[in-house]
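My entries follow in the order I made them.

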Amino acid sequence: MAVLAGKVAVVTGGSSGIGLAIARAFRDEGATVVITGRRKEALDAAVAELGEDVTAVVCDVAVPADLDALYRTVREQAGYVDVVVANAGIGIDAAFGEVTEEQVDAQFATNVKGTVFTVQGALPLLREGASVIVTGSTAATRPQRGLEVYGATKAAVHNLVRGWAHSSRRYGFRVNVLAPGMVPTPGLLDLVPAEVRAQAEEVIPLGRHGTPEEMAAAAVFLASDASSYVNGSVLAVDGGVAQV
Ligand code: NDP
């Protein structure tokens, strides 16, 4: 049975990695899917793979006016939203002692400000029972060297979700964090060198990195009515590494 049949889902950062896998899984479960990203060519490639039924909107989540335009499009095309995945995120490797203002601003603008306005912008369109999913990270509680600022942005979004859960009744939604461990995606391969990925893999209780598809399976659970009483939680999908 298609567990998301009849639902409208927005996935930010849906042109690559975890977001692309989530968009594919949502489509397979019967949802109408809208994906976003900054690069049109990456969105076009994603639509070529996912099929023309998936709508792609160029949108930089760090720019609130872009999000306004995104939700205008969604309002015109679908009229409402059942699932929002605030997934767009960036990490910048910068050694403590050498971090620049630009690097801090860029990570907070996409990961924190972008998440705030992705979720806030959706509120008027959410249908009763909507599910909001924010992609956090094990880095929120387990910061890696060189990625301390990135970890701080993820700690911030975990905290936002716990706070937003208090507004569930008012807005008729549930909101949860999907917290991946290390997942080899285009973004991660750019960010983390092979030897660091190999070292990290050794301490994972399940003995391997996760896949985008495993993150997507957890997102389907959080998006579907199977998780109807799950709210304000952090779902770690990390092979157990957050417990080490
Ligand atoms: P990718 O780099 O593979 O994908 C990131 C996606 O986000 C792309 O579609 C990218 O498109 C989009 N994006 C980036 N910045 C913006 C922006 N400002 N506005 C709109 N879209 C944007 O990364 P992952 O799939 O690995 O990461 C997805 C999420 O998962 C992120 O939030 C990341 O922090 C989180 N995460 C990833 C982990 C991993 O190991 N891979 C571990 C834990 C968390 P474009 O560049 O065209 O804008």
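**Strand 2 and its neighbours**

I began with strand 2 and strand 3, which run parallel and are joined by 4 bridges. Before going on I noted that this is a predicted model, in which local features need pLDDT of at least 70, side-chain atom pairs count only at pLDDT 80 or more, and totals for chains, interfaces and linings use all residues. Residues are numbered from 1 along each chain as its sequence is written. Helices (H or I, at least four residues) and strands (E, at least two) are DSSP runs, numbered from the N terminus. Two strands count as paired if DSSP finds at least two bridges between them.

I looked up the partner of Thr-36 in strand 3 and found Val-57. Strand 2, helix 2 (residues 40-50) and strand 3 form a right-handed β-α-β unit. A crossover is right-handed if, with the strands pointing away from the viewer, the path from the first strand over the helix to the second runs clockwise.

I then checked strand 1 (residues 8-12), which pairs with strand 2 in the parallel sense over 5 bridges. Val-11 stands opposite Ile-35 there. Strand 1, helix 1 and strand 2 also make a right-handed β-α-β unit.

Is strand 2 enclosed or open? I found 6 of its 6 residues buried, so strand 2 is largely enclosed by the rest of the structure. Buried means 20 or more other C-beta atoms within 10 Å of the residue's own, exposed means 12 or fewer, and partly exposed lies in between, with C-beta atoms placed from the backbone. In a regular strand the side chains alternate between the two faces of the sheet. I sorted strand 2 by face: Thr-32, Val-34 and Thr-36 are buried on one side, and Val-33, Ile-35 and Gly-37 are buried on the other.

I located Cys-59 in the loop between strand 3 (55-58) and helix 3 (64-77). Cys-59 is buried, because 27 other C-beta atoms lie within 10 Å. I listed its contacts (C-beta atoms, placed from the backbone, within 7 Å). Leaving out residues up to four places away in sequence, Cys-59 touches Thr-36, Asp-66, Leu-67, Ala-69 and Leu-70.

Leu-70 is in helix 3. Leu-70 is also buried, with 22 other C-beta atoms within 10 Å. With the sequence limit of four places kept, Leu-70 touches Thr-36, Val-57 and Cys-59.

I moved on to strand 4 (residues 81-86) and strand 5 (residues 126-135), which run parallel with 5 bridges. The chain crosses from strand 4 through helix 4 to strand 5, and this β-α-β crossover is right-handed. Val-84 has Val-132 as its bridge partner in strand 5. Strand 5 pairs in the parallel sense with strand 6 (residues 173-180) over 6 bridges, and Thr-135 stands opposite Leu-178.

**Ligand shell**

Which residues come nearest the ligand? Of the 32 residues around the ligand, I noted Gly-13, Gly-17, Arg-38, Gly-89 and Gly-187 as the nearest. A residue is near if its C-beta atom, placed from the backbone, lies within 6 Å. Helix 1 (17-28), strand 2 (32-37), helix 4 (101-122) and helix 7 (186-191) each supply at least two residues of the shell.

How values were computed. Contact = placed C-beta atoms within 7 Å.
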